Amino acid sequence: MRKCGRTLVAVLERLISEIRPGIRTDELDTIMAEEAERRGVIPSFKNYRGFPANLCVSINDEIVHGIPGERRLEAGDIVSLDAGVTLDGFCTDAAVTVGVGQISEEAEKLISVTQGALKAAVAQARCGARVCDISSAIQRHVESNGLSVVREYTGHGVGRDLHEEPQIPNFVVGKGLKLRKGMTLAIEPMVNAGDWRTRVAANKWTVLTADGSLSAHFEHTVAVTGNGAEILA
Ligand code: MG
């Protein structure tokens, strides 16, 4: 999983370097496919439960599961890239939100708070802690900054499959499982500038904020070790 994760990070870095006004989101999808093939990994999302692309590209009020297509990025947009790759039967999963050209102060804050929430959450992913410690770190960081966490979509275990137990909510709901050494988790705060509620687009995939506010998404795959969390991707 380490090698799988390192490869995913390299693929995501390439994608981030391609973000600019005017690029079509399906061009990013093609780059994802080419870069994965070149590095000997398989994009995990393609055909997963029928998802039609290699990569999720979610723009502005799109939270997750945006399908790449003819839409072009514009200056001032924020874009979330979510990707998973499989190597030797193991998956890793990671996401990042970046600005396209100059972005608003509101968007800058949203991105930095979401990134901060992920950092706070990863610090809780240690032996003996519970899933709720991760959830609580995310919720507190986000809400203390006046933003809201998405509730209908969660982080998850990851390893042999892209989505495994346990679910890792981004808000506190019960205590959850106790974390043990060797567990591998995808921790992924999704944060809205406005209300936490969501809606699903007519394509039945893309999840958007119900109120049209901006949303950001960061995700790491981590391993719980005897000494805190190791970020794999
Ligand atoms: Mg995930």
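This briefing walks through the fold, the metal site and some ring contacts of the structure above. The model is predicted, so local features need pLDDT of at least 70 and side-chain atom pairs count only at pLDDT 80 or more, while totals for chains, interfaces and linings use all residues. Residues are numbered from 1 along each chain as its sequence is written, and side-chain values use heavy atoms, with hydrogens and water left out.

**Overall fold**

- The protein chain has 4 helices and 15 strands (DSSP runs numbered from the N terminus: helices are H or I with at least four residues, strands are E with at least two).
- Along the principal axes, the C-alpha atoms fill a box of roughly 45 × 40 × 30 Å.
- Of the 233 residues, 55% are buried (buried is under 20% relative accessible area, exposed is over 50%, and partly exposed lies in between, with a 1.4 Å probe and protein chains only).
- Among contacts with a separation of 6 or more, 68% come from residues 24 or more positions apart (a contact means heavy atoms within 4.5 Å).

**The magnesium site**

- Asp 93 (OD), His 156 (NE2), Glu 188 (OE) and Glu 219 (OE) are the protein donors of the magnesium ion, at 2.2 to 2.3 Å (donors are N, O and S atoms within 2.8 Å of the metal, or 3.2 Å for Na, K and Ca; water is not among the atoms, so sites may look incomplete).
- The spacing of these donor residues in sequence is D-x62-H-x31-E-x30-E.
- His 156 in strand β7 (residues 155-157) and Glu 219 in the loop between β13 (215-217) and β14 (220-225) are 63 residues apart, so this pair links distant parts of the chain.
- His 156 counts as buried because its relative accessibility is 4%, and Glu 219 is buried too, at 1%.

**The strand that carries His 156**

- β7 runs antiparallel to strand β8 (residues 164-168), and 3 bridges join them (strands pair if DSSP finds at least two bridges between them).
- The bridge partner of His 156 in β8 is Gln 167.
- A hairpin is formed by β7 and β8, with 6 residues between them.

**Rings and charge**

- The charged end of Arg 151 sits over the ring of Phe 171, 4.7 Å from its centre (this needs NZ of Lys or CZ of Arg within 6 Å of the ring centre and within 35 degrees of the ring normal).
- That charged end of Arg 151 also sits over the ring of Trp 196, 5.2 Å from its centre.
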